[in-house]
Amino acid sequence: MTVSLISLILLCPLAAFAVFGLLGLANRRFPRQDYLSTAAMLIALACSFLLLREVVPEPETHTVNWVSLGSVTFSMGFYLDSVTAIMLIVVTLVSSLVHIFSMGYMHGDPRYPRFFAYLSLFSFSMLFLVVSDNLLGIYIGWELVGLCSYLLIGFWFEKDSAANACKKAFLTTRVGDVGMFIGMMMLFTKFKTLSLYGEGGIFALAASQLTTGDMVWLSIAGVLIFCGAIGKSAQMPLHTWLPDAMEGPTPVSALIHAATMVAAGVYLTARMFPILTETSSLVIAYVGGITALVAATIAIVRFDIKRVLAYSTISQLGYMMLAIGAGSYVAGLFHLTTHAFFKALLFLGSGSVIHAFHAMHAHGHDDEHEHDDSDAHGHEHNEDSDSGHVLGSEIPPDQDMRNMGGLRHKMPITFITMLIATLSISGVPFIFSGFWSKDAILAGVLGRAMEWNSVHHYILFIMALSAAGITAFYMFRLIFMTFFGEPRNQEMHDMAHESPLSMTVPLLILAVLSLPVVNTLWFNAAYVKPPPQPHLHAPAHAYIAPDTKGGTGLAFSLFGVSEAVAAEENAGHDTHGTHADDGHHGHGPAHTIAMVLSICVAGLGIFLSWLFYHRRTLSAESVTTTFRPIYDLFWHKYYFDEFYDGVLVALTVWKARLFAQFDGTVVDGIVNGVGVVTRDILAAFTGAFDNRVVDGIVNRVAQVTWAVGGRIRRIQTGAIQTYLFVVLAGIVLLILIFRAL
Amino acid sequence: MLLSLMIFIPLLGMIAVLLLPRESEELIKRVTLIPLALAVYLFISYDRSTAGTQYVVNAPWIDAFNIQYHIGIDGLSVTLLLLTALLGPICVIASWRNIEKGIKAYMALFLLLETGMLGFFAALDLFLFYVFFELTLLPMYFLIGIWGGPRREYAAIKFFLYTLFGSVLMLVAMIAVYLNSGDPGARTFDIPTLIALASTEGHALNNLNFQIWVFLGFFIGFAVKVPIFPFHTWLPDAHVEAPTAISVILAGILLKMGTYGLVRVNMAMFPLGLDHFTNGIGFWGNSLALLGFINIVYGSFCALAQTDFKKLVAYSSIGHMGFVILGLAARNDTGITGAILQMFNHGVISAMLFLLVGVLYDRAHHREINGFGGLGTRMPVYTGITTLAFMASLGLPGLSGFVGEALSLLGAYDEFKWLTILSTIGIVVGAAYFLWTLQRVFLGNLNPKYEDLPEINGREILTLVPLAILTILLGVWPNLAIDMFRESVTNLVNVLQAI
């Protein structure tokens with residue numbers, strides 16, 4: 001049952017793509033690719049819900065041999081546990097909603113069918129990644145989602161900025177992927193398998209075979225695999241591709257670059273949980289923490305509505321990484337889920353705003369918003385196709401928040417839903433899902449910082465807390481600038497309008513999902529338990545034995561996850577006797593302290609934002625002037641792009657040219673030189689040998705050398721047959737001669 | 001008999017082509033289909049459960065030197081025979097409207113070439129092996145030298161002399177092996193016999209010093225063909241000048257003759273010599289892997305700098321053949337399987353790439369990458385197929401290129417950690433040059449010069465679709481190919497590990 005359900009989930013989107021691909025080869029189109037792809041996704045969604053009911057406490061694996069060699073076998077297979085089931089729902093749900101949204105948003109695009117085909121291919125790849133039970137399968141899905149990301153970022157490839165962005169995304173993530181592949185090679189060489197689960201899987205073998213002497217090695221392997229996640233989840237320092245990826249159509253940004261693909265890095269890191277060591281956990285935590293904070297600071301100063309959200313995504317992904325690095329497995333994955341919904345909502349909402357402005361661009365009147373975008377989104381940004389996106393200096397006018405304002409009356413549904421998402425991401429207490437997941441992370445990080453028993457790791461908590469405050473600040477900045485105040489651009493404002501139903505319905509559904517109702521997804525949260533981490537010296541939030549804690553989440557609980565998280569923490573000091581005293585003092589308070597502090601910083605952020613951007617008691621301009629250097633640093637995104645473009649890319653291209661030149665002059669020069677010298681020597685002996693072949697060669701060499709000098713002698717076409725017969729006769733003669741010997 | 005038929009039918013076809021009038025075009029087309037049909041039969045009937053050679057024919061040929069007409073196929077041979085037989089008809093179709101002058105002679109030479117290639121992969125007698133090896137040289141020389149581009153004569157002679165230089169060393173090594181194979185009268189060129197003798201304790205062939213020298217002789221001969229740095233500079237010239245179909249054969253089959261030779265002769269026959277160059281101890285122990293690494297990284301960087309589309313693909317071949325060398329150097333079944341898969345897959349993928357370059361060249365009459373732009377809007381189907389081929393070539397999982405590359409690297413990491421890690425640079429650079437090319441040719445605004453460029457036509461699609469299907473099929477189901485040679489590889493690895 002589970003196998004056929006999972007197969008169906010995978011095959012539906014794949015088939016939808018295959019239809020497009022096969023017809024495309026014949027230069028034809030399926031006229032309703034949009035319905036086909038959407039229907040495929042909805043079936044997958046239904047199957048995912050059915051699958052959720054199939055999940056049992058014991059994870060299942062189903063494998064087949066993929067590559068069988070004499071001594072090793074690489075298998076492919078499904079792994080189904082609660083996390084898989086939840087991820088499947090997140091992916092299929094967001095994907096379905098994005099499909100529906102796109103029917104409105106992409107309407108009239110000349111490559112409309114292709115868009116849906118790509119979405120289908122993406123959904124397949126992402127789902128394959130999620131259900132794979134082994135590293136090779138994950139890697140395959142991993143690269144395929146990268147391909148889809150490439151194709152979709154460059155969907156409007158006529159724009160140079162889009163063409164640059166898709167290449168950058170693919171190459172940047174590939175740098176991380178190579179790290180991941182090296183990590184896989186290390187694990188494979190050690191364990192002779194890439195399967196993760198089961199008795200012969202990496203986790204079991206690592207737990208039983210490795211000793212403390214292997215920890216350095218295992219830490220390196222863990223960090224290398226995490227490199228893949230750094231690339232895919234846009235963590236520092238490989239984060240620069242994600243903001244540029246906003247060149248893609250906005251539904252793509254919502255699905256791929258907010259909700260699912262970029263979260264795959266978090267998912268992978270969570271899957272690798274059992275082989276994380278003390279060191280690799282710390283690396284992950286710090287990368288996540290720094291990313292969360294730095295990206296948030298960059299987001300403060302952006303004016304492009306999509307770029308704000310992009311940096312916000314980077315920052316939130318950093319949060320999740322931090323959680324996993326700090327051992328808060330459940331919290332990290334929980335935040336992944338809640339973030340998927342509210343961030344998808346934010347992106348789709350921004351898409352709705354862009355769409356409202358865009359229709360104005362195309363037509364100059366606002367009543368024909370749906371059926372006649374004849375000149376297509378493909379050209380919507382053409383006026384600034386050369387935008388210096390690297391410096392963020394030029395922003396498409398329909399994405400520039402400085403052109404917005406007061407939209408709440410024009411677009412009430414978009415406004416309300418985006419406000420809900422904003423409240424959620426800002427961590428406004430109790431009635432929004434983001435609060436619960438963020439709180440869980442903060443508590444986890446604080447708890448872990450206490451356990452690490454080293455003062456400087458508190459900095460992780462401080463980074464997370466500051467990021468939370470900054471997030472609340474810039475998100476409300478976005479809301480105030482977009483929906484409140486007076487319209488800044490009256491002409492554009494007049495033309496704006498609420499989006500069609502195909503777009504607002506997905507917004508409403510996502511808004512509901514940004515409430516704690518999302519926790520019900522985790523109703524079997526008792527099954528979601530952090531796998532054991534045998535390689536941690538102090539297995540902090542280690543293992544919750546199902547028999548003792550199993551009951552907690554089984555009951556249908558609105559806040560089931562919070563209980564699971566709490567259980568996770570309790571278990572932490574249950575199993576960890578040496579720090580028991582610290583733990584008992586630390587953990588109970590950790591949750592309370594974290595919750596109080598997180599509410600405080602969120603409130604502070606929102607309040608400041610209100611002062612700056614709504615009441616205007618404080619002036620952003622004067623603050624900017626006062627702190628010019630810091631502002632510049634944020635504005636230039638810490639100069640990462642400048643460094644990469646100016647140093648790394650330039651060096652690579654320079655090196656390539658150098659190699660090519662070396663090849664052409666030195667290596668080939670030697671060859672030609674040897675040729676000439678040989679010709680001369682041979683020429684001296686020509687008379688001595690009555691050998692047709694040598695003679696012929698020498699003549700040829702001579703000709704060629706002259707040919708280089710410009711004297712080309714053409715072989716007469718008519719002579720070829722003669723040549724051939726000579727060759728043939730020669731062969732026959734040779735055979736006869738040899739026979740005679 | 002079946003095998004002989006397969007090898008010599010193109011030769012008969014050649015004679016027929018030469019004798020028949022020009023109107024017999026249809027016949028020419030069909031001649032290449034016969035080896036393909038036989039290859040399909042081989043694919044079905046080949047016994048995958050054994051490492052032994054099958055379809056053996058062993059008849060005396062030149063008694064004076066104990067030379068035999070000994071042919072037969074094992075897993076590696078059958079894989080490459082299939083590739084050769086597949087590319088044959090595809091090249092004929094690809095040549096059909098492109099070759100304007102002397103089509104009869106062209107086809108005759110092409111068929112002679114095919115006989116040479118098929119025979120080479122089936123030969124089990126060292127002398128026969130050498131004859132077939134040389135037999136491919138001559139038609140190739142004329143095919144490039146007559147139907148090639150502006151610098152065709154230079155390219156052709158460079159190719160010819162370079163390969164000849166290598167094969168002379170090979171010939172010397174071959175004679176040395178022959179002379180040491182036994183007492184006068186009992187000497188032999190028979191490959192299975194020589195393999196057995198070379199691992200017999202106390203036999204003259206089972207001598208480290210001797211094996212090192214003959215290893216080197218054969219190695220240089222094959223290295224030119226692969227090509228391995230620094231013997232590679234003939235390749236970009238030959239590719240750039242050769243007509244499309246000949247580039248396909250060159251990259252698809254001729255390069256594989258080099259790596260095939262390395263496996264068949266250097267690895268199987270001289271395990272002591274191989275051990276000397278791949279045991280990971282000191283400079284010489286790492287030398288083969290080092291050459292693989294250089295090929296990968298050097299070839300990739302050179303490709304990145306190219307602005308001629310065809311030259312770029314040619315350098316990418318050098319890079320990709322590096323993975324074969326690296327995988328072979330590993331000497332374990334993961335690495336060798338990866339290398340063989342990479343041979344086959346590179347044959348398919350590079351064939352696609354050269355066909356695609358040809359399609360564009362036929363329309364625009366130049367290959368300057370920077371001279372295009374925005375073709376994605378004008379030729380969507382062509383763009384789609386090119387993207388597929390590029391992705392396969394840069395090793396995207398799900399397509400065939402990935403499996404060979406990944407297995408080669410996984411195998412090699414076992415033996416050569418640092419060289420393998422450094423080789424992964426090639427993966428990033430490989431993606432860089434293909435994506436950059438994709439951007440410069442297909443993305444951005446349409447170059448107004450090419451507003452009327454016609455979309456890829458049915459004949460061209462016909463040449464590409466079988467290859468595209470194989471690329472996807474073997475990417476999803478690599479066992480389909482691995483089944484053919486698993487036992488042979490296991491057998492080889494057992495021999496190597498017995499050292």
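This is a predicted model: local features need pLDDT of at least 70, side-chain atom pairs count only at pLDDT 80 or more; totals for chains, interfaces and linings use all residues.

Reply: A residue counts as buried when 20 or more other C-beta atoms lie within 10 Å of its own.

Ile182(A) sits in helix α6 of chain A, which covers residues 160-191. What does Ile182(A) touch, leaving aside residues up to four places away in sequence? The list is Leu224(A), Ile421(B) and Thr424(B). Leu224(A) belongs to chain A, while Ile421(B) and Thr424(B) belong to chain B. Ile225(A) is 43 residues from Ile182(A) in sequence, yet the two C-alpha atoms are 7.7 Å apart in space.

Chain A gives 58 residues to it and chain B gives 63. On the chain B side, helix α22 (residues 425-442) supplies the largest share, 7 residues. By type, that side has 39 nonpolar, 18 polar and 6 charged residues.

Next comes chain B as a whole. Chain B has 24 helices and 2 strands. A compact globule of 499 residues would have a radius of gyration near 23 Å, and chain B agrees with this because its value is 22 Å. The C-alpha trace of chain B spans about 75 × 60 × 40 Å along its principal axes. Of the 499 residues in chain B, 65% are buried. Among contacts in chain B between residues at least 6 apart in sequence, 79% join residues at least 24 apart.

One helix of chain B shows burial along most of its length. Helix α4 of chain B (residues 75-95) has 21 residues and reaches 30 Å from its first C-alpha to its last, close to the 30 Å expected. In α4(B), 20 of the 21 residues are buried, so this helix is largely enclosed by the rest of the structure.

Back in chain A, helix α2 (residues 33-54) has 22 residues and reaches 31 Å, close to the 32 Å expected at 1.5 Å a residue. Its buried residues include Leu36(A), Ala40(A), Met41(A), Ala44(A), Leu45(A) and Leu51(A). The buried residues of α2(A) pack against α1 (2-25), α3 (82-105) and α4 (112-131) of chain A.

Chain A also has a pair of strands to look at. Strand β1 (residues 60-68) is joined to β2(A) by 8 bridges, and the two run antiparallel. A hairpin of 4 residues links β1(A) to β2(A), and His62(A) stands opposite Phe78(A) in β2(A). Strand β2 of chain A (residues 73-80) is mostly covered, with 6 of its 8 residues buried.

Leaving aside residues up to four places away in sequence, Val445(A) touches Leu322(A), Ala323(A), Ala326(A), Ser328(A), Leu460(A), Phe461(A) and Ala464(A).

Definitions and conventions. Residues are numbered from 1 along each chain as its sequence is written. Chains are lettered from A and ligands numbered from 1 in the order in which they are written. Two residues are in contact if their C-beta atoms, placed from the backbone, lie within 7 Å. Ala, Val, Leu, Ile, Met, Phe, Trp, Tyr, Cys and Pro count as nonpolar, Asp, Glu, Lys and Arg as charged, and the others, Gly among them, as polar. The radius of gyration is taken over C-alpha atoms; the globule rule is 2.2 Å times the number of residues to the power 0.38. A residue is buried if 20 or more other C-beta atoms lie within 10 Å of its own, exposed if 12 or fewer, and partly exposed in between; C-beta atoms are placed from the backbone. The expected span of a helix is 1.5 Å times one less than its number of residues. Two strands pair if DSSP finds at least two bridges between them.
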